[in-house]
Amino acid sequence: MANLVEIRGLKVEAKTDANRRIEIVKDVDLDLVPGEIVALIGESGSGKTTIALTLMGHTRTGCSISAGSVMVDGQDVVQMSEQQRSRLRGAVVSYVPQSAALAFNPAKAIMDQVIEVTQIHGIMPAEEARQRAIELFRALSLPNPETIGERYPHQVSGGQLQRLAAAMALIANPKIVIFDEPTTALDVTTQIEVLRAFKDVMRRAGAAAIYVSHDLAVVAQLADRIAVLRNGEVQEMGQTVQILEQARHPYTRELIAAFEPHRAPVVLNEIDERRPLLDVENVVAGYGWSKIDSSLLVKAVDNVSLQLYEGRNLGIVGESGCGKSTLACAISGILPAVSGHIIFDGRELGPGYKERTAQQKREMQIVFQYADAALNPARSIDDILGRPLAFYHGLTGEAQSKRINALLDMVRLPTSLRGRRPGELSGGQKQRVNFARALAAEPKLIICDEVTSALDTVVVAAIIDLLRELQQELSLSYIFISHDLSMVQAICDKIVVMYQGKAVEELAVENMTQPQHPYTQLLFSSVPKLDPNWLDSLARERPILTA
């Protein structure tokens, strides 16, 4: 069978601020036949997305294809004019991004955006395109396929929006689809639905695909072949089963080993059963107020109670929208609780941040999911770490400088990064800076809100090891808000499962194999396995649950 894609000797260069040119993709060869799905896996910065985007003749700002050829359907994209490439994009090669929210215009109805590419390329009349879109919505298991296109992007869930982005990519019947980490930000129960929909619709369409991911278990469900990348080079390539079961390259074996973070044996201190470090009692929190009866419009957290003892770690897990991040915001005071009690280190906290003392604020810190959004892009790392040191401890000058060096050392970052801004760091480095900023306050408790969801498995394993070391050195306690059950299992002592705003089950980590609540059973059974047959073996009909 003739190759649909032939990449030969591909090199991509990036220009630095100092006008130096760095090779970020190095002499890559890759083939793709019609109907085949090839996965590109590797850690952040390995070149996965950069290689995939060259199929559309696209490179990020500051980058350029410096050598090689990218043959797509018999034409070299590298040699094409920009006008020729624009005819290729959407019609022959289409793209499904990691963040579907960024792919849609919030001011336009979904249907108008899904069919837009067919009108740009004159592929079919508008009414025919709408019928084709409805067929795709149905094939992608979207609810109300006849009317969902009338909604606006903010009126559908994240998982639904991701499938709608796939419909947008598939509507023009492209020969190749690029999936760029399309399920990374989804919880495991939603991910199951999206993966199954992708797999079914790709089989029906007979299109080929490049699937970019750092999640080996997701890749195992979809890919025919896997290319393992590191530092812009292909380390290993082979059939999916061969890569998973008989990996040859040490780096591939490292990726596979990092898939399930190892739970290191921990010597736990005796706890004072009389007084938890944190005691949350019947907390209610949410958003918006009814003008009619002054009640909450959205009760995101519904009478949740939990306890955390000093030196221990608590995981709070559940699907998107279950209330776990809202609970974190209520505990930290960012979103004042409507009712209930939050008792920290023996003293009841005010519901909101403004009602808490400087010491209470210092002793409880929160680290957010998106390091990019949490760090001021205009400030240097020096400024970012210096501010809490001045605010909480009054440190300035030489004393502050020494403490910044010590904080960077704690999170295993070189002091040479002090003058850089967040945009010059990798995802893992930025998240370490986030932790360093939290540690600057010298807290007793750190709330970690989805802190590893955007990181690759190797970096996640390193972050977990780092947090364990910091806990032992500094006597910290952690709350982990996450949908990554393997990460939570690797570091937590106890897990609270949330569903529809309620805490439906509490488990010691050693009892995670014996969940009792139906939702907990569904959640745990939805974690992908390193088995290519796992997705197909799952029951098609998932149980309907109530809180």
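Residues are numbered from 1 along each chain as its sequence is written, and side-chain values use heavy atoms, with hydrogens and water left out. Because the model is predicted, local features need pLDDT of at least 70 and side-chain atom pairs count only at pLDDT 80 or more, whereas totals for chains, interfaces and linings use all residues. Helices (H or I, at least four residues) and strands (E, at least two) are DSSP runs, numbered from the N terminus.

**First stop: the sheet containing β1**

Select β2, β1, β4 and β5. In that order, these 4 strands form an open sheet with antiparallel pairing; two strands pair if DSSP finds at least two bridges between them. β2 (21–32) and β5 (75–76) are the edge strands, each pairing on one side only. Next, display β1 (residues 5–15) with β4 (residues 63–72): 8 bridges join them in the antiparallel sense. Glu13 has Ser64 in β4 as its bridge partner.

**Second stop: the sheet containing β11**

Select β12, β11, β14 and β15, which in this order make up an open sheet of 4 strands, with antiparallel pairing. Its edges are β12 (296–308) and β15 (347–348), each of which pairs on one side only. Between β11 (residues 278–289) and β14 (residues 339–344), which run antiparallel, there are 5 bridges. To locate one, select Asp279, whose bridge partner in β14 is Ile343.

Select helix α14 (residues 381–393) and helix α15 (residues 397–410). Their axes are 10 Å apart, and the helices pack at an angle of about 110°. That makes α14 roughly perpendicular to α15, a term covering 65 to 115 degrees. Where do the two helices meet? Show Ile381, Asp382, Leu385, Gly386, Leu389 and Ala390 in α14, which meet Gln400, Arg403, Ile404, Leu407 and Leu408 in α15; contact means heavy atoms within 4.5 Å.

Select β13 (313–317). Is this strand enclosed or open? 5 of its 5 residues are buried, so β13 is largely enclosed by the rest of the structure. Buried means under 20% relative accessible area (1.4 Å probe, protein chains only). Asn313, Gly315 and Val317 point one way from the strand, and Leu314 and Ile316 point the other way.

In β19, Val496 stands opposite Ile316.

Helix α19 (residues 518–525) comes next, with Tyr519, Thr520, Leu522, Leu523 and Phe524 buried. These buried residues pack against β13, and also against α7 (188–205), α18 (485–491), β19 (494–499) and β20 (502–508).

**Last stop: His214**

Select His214, in the loop between β8 (208–213) and α8 (216–222). His214 counts as buried because its relative accessibility is 14%. Its side chain makes a polar contact with the side chain of Glu181 (3.2 Å). A polar contact is a pair of N or O atoms within 3.5 Å; within protein, one must be able to donate a hydrogen and the other to accept it, and residues adjacent in sequence count only if both atoms are side-chain atoms.

Terms used
Buried means under 20% relative accessible area, exposed over 50%, partly exposed in between (1.4 Å probe, protein chains only). Axes are lines fitted to C-alpha atoms, for helices over the stretch in contact, and angles run from 0 to 180 degrees between N-to-C directions. Angles under 35 degrees count as roughly parallel, over 145 as roughly antiparallel, 65 to 115 as roughly perpendicular and the rest as oblique.
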